[in-house]
Amino acid sequence: MNSARRIDPVILLALPAVIYLAVVYGVPLLVLLGRSVMVGGLPSLAPFVGFLSDPFSWTVIWNTVRIAALVTLVCLFIGYPTALALARAGGVAQALILVAIILPLSVGVVVKAFAWQIVLRRDGVVSQLMTGLGLWSEPQRLLFTEAGLVIGAANVFVPFMILPIYSVLKLVDPRLGEAAATLGASPLYRFFKVALPLSLPGIVTGVAFVFSMAASMYVIPNLLIGDRFQTLATMTGRSFLFMRNEQLGSTTAVVLLVLTVAVVVGSAALSKRLGGAS
Amino acid sequence: MANGFLSVAGAAKTFGSATVLDGVDLAMSRGEFVSLLGPSGCGKTTLLRIVAGLMAPDQGKVALDGEDITRRPPHKRDVSVVFQSYALFPHLSVAENVAFGLKARGAPPAEIAPAVARFLDLVQMGAYADRSIKALSGGQQQRVAVARALVVGPKLLLLDEPFSALDRKLRETMQIDLKRLLRDVGTTAIFVTHDQDEALTMSDRIAVMYKGRIEQLDVPAEIYRKPATPFALGFVGLSTRLPGTVTQSADGIVVVDTAAGALRARGNFLPGSPVLIGVRPERIVLDHSHANRIEAPLADAAFQGARVQLHFHAPEGAQILVETPSLPAAAGPGTPLKMSWSVEDTLLYPAPEAA
């Protein structure tokens, strides 16, 4: 090793976190990975071949990706304007919006999911409102449908979209928008050519957060859509908890991991391409 | 001179209880370069933002080229701004920054590239077209910001202290370059600055601003020779200042009793009025050859190359300052020196209210 290359001692401050994660997360992950490629004590790719050649597995993978993508999109479309408003607001308004976003995080996921069960029932608030407004001809049940799942999950995860976008937008010089305006750019042009490209890093972080959480959510689908609808996460849970099939559980968990990492890495690479040097 | 190209009438703006602009009028003709000069907080940047449409005035009107633009949004005004921080788009290259305004206005793509190249050449940044903004020095960024603002052919260019982040040497070069460029392009421009030298060097006319008002609007030489108010006297250039009281007034000449003696000045004040006498330091000679004569002990001499600046011990509230080509022989700290100046060079103001 080159002796001139010294380690910055500040980096050592990350050591406690690294050790902690290595013990409680890294080791079990390695055990899991090991199990997924071991059959009867011998290394084998048979579990993956078997899993991926089953058409039902592909339904489950598609369910996982579709729901996670929908939840991410809903969060992005709701979250981006909120983040923009938050970044522009000042004083009391900003504090109020921040509280409104962060405070619900202190309510457990289970409690929220139960609340959505009430809201999304056939005689729930949404159904009554829609029929009352004449938009629906008769009461409908959103509970135990994919739409209901997406609505409920987006509610839980939207702060994780808003906060990273907000923290990036907050640092964008407001003069940039003014400069664009005086150069003749309409509000819409300013948004798409200035604010949006400059907030891409925040969008990527938000998308990575929400997608990985939505792809791996377990409690929310259980309460809002039930057993009929399987995702990789619920299948992993069932394999370990009910079916006692640790082989299958390890395999689905690894597939989920690969999928999520691929999306997170892919979206970061995409934003680099779109955002150029920033 | 037809002062009709830009006209601001009675512009007023308050933030909470603070009056930032207190009924400002400003008229400019096409192709003119006017500086708004004043200390920070005088309202000059607020006035600039109102003209740009980035802020709405509480009262008053803005008209440009015969059209009332008071309520028109900034992107429909044809008024470009060079910001103090330059506000270049960090995600775009130098050429893309300059092209931004043309693209936003939907210019034909075939026209954009040549226009961008031409304006980058005008600011001597042609070699940097593909660079990232972050790779440029402050002076280079400033040039790009000017090119970006000018390439769209604005009716009016506003510059908000564009040189304040540059070092002195670079600033002086850039001032001359910018003035030449604006003359070549024929742009009407408003230049906001707190630097009197910058304003005197660059402007066709200067508006001296103080506490939300324009105290004086005139050509640089007149601003310097005949400051309209005690503030303009103090803010632009150096001066000898002597407060006093009028004792006689006849035929447009008043006699003022000051701590340094009786002095004459042109003006009409009732006897007993408190006034302020001002004199530019280079108008004073170190003998008694002129009508207004005083004597004061030398405090300090500052050698400045071509001239020597002499500071004198002065009574409370006064200031005596003389600039001469050379220091008189045998004069040291404490030496009393004679000095005089003409009645014509004596500036007279009502005494400023105590701050």
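## A salt bridge in chain B

D65(B) and R30(B) form a salt bridge, with their closest N and O atoms 3.2 Å apart; the term stands for a side-chain nitrogen of Lys or Arg within 4 Å of a carboxyl oxygen of Asp or Glu. D65(B) sits in the loop between β4 (59-64) and β5 (67-68) of chain B, and R30(B) in the loop between β2 (18-28) and β3 (33-37) of chain B, so the pair ties together parts 35 residues apart in sequence. Helices (H or I, at least four residues) and strands (E, at least two) are DSSP runs, numbered from the N terminus.

Are these two residues buried or exposed? D65(B) counts as partly exposed because its relative accessibility is 31%, while R30(B), at 59%, counts as exposed. Here buried means under 20% relative accessible area, exposed over 50%, and partly exposed in between (1.4 Å probe, protein chains only). Both residues also belong to a network of salt bridges with E67(B), R72(B) and K155(B).

## About the model

This is a predicted model, in which local features need pLDDT of at least 70 and side-chain atom pairs count only at pLDDT 80 or more, while totals for chains, interfaces and linings use all residues. Residues are numbered from 1 along each chain as its sequence is written, chains are lettered from A and ligands numbered from 1 in the order in which they are written, and side-chain values use heavy atoms, leaving out hydrogens and water.

## Where the chains meet

Now let us look at the interface. In all, 24 residues of chain B are in contact (heavy atoms within 4.5 Å) with 21 residues of chain A.

One salt bridge is counted between the chains: the side chains of R49(B) and E178(A) meet at 2.6 Å, N to O. E178(A) forms a salt bridge with R175(A) too, at 3.4 Å between the closest N and O atoms. Both of these chain A residues lie in helix α8 (residues 174-182), three residues apart, about one turn of the helix. E178(A) counts as buried because its relative accessibility is 15%, whereas R175(A), at 30%, counts as partly exposed.

D345(B) and R283(B) form another salt bridge, their closest N and O atoms being 3.3 Å apart. This pair links distant parts of the chain, 62 residues apart. D345(B), at 22% relative accessibility, counts as partly exposed, and R283(B) is partly exposed with 41%.
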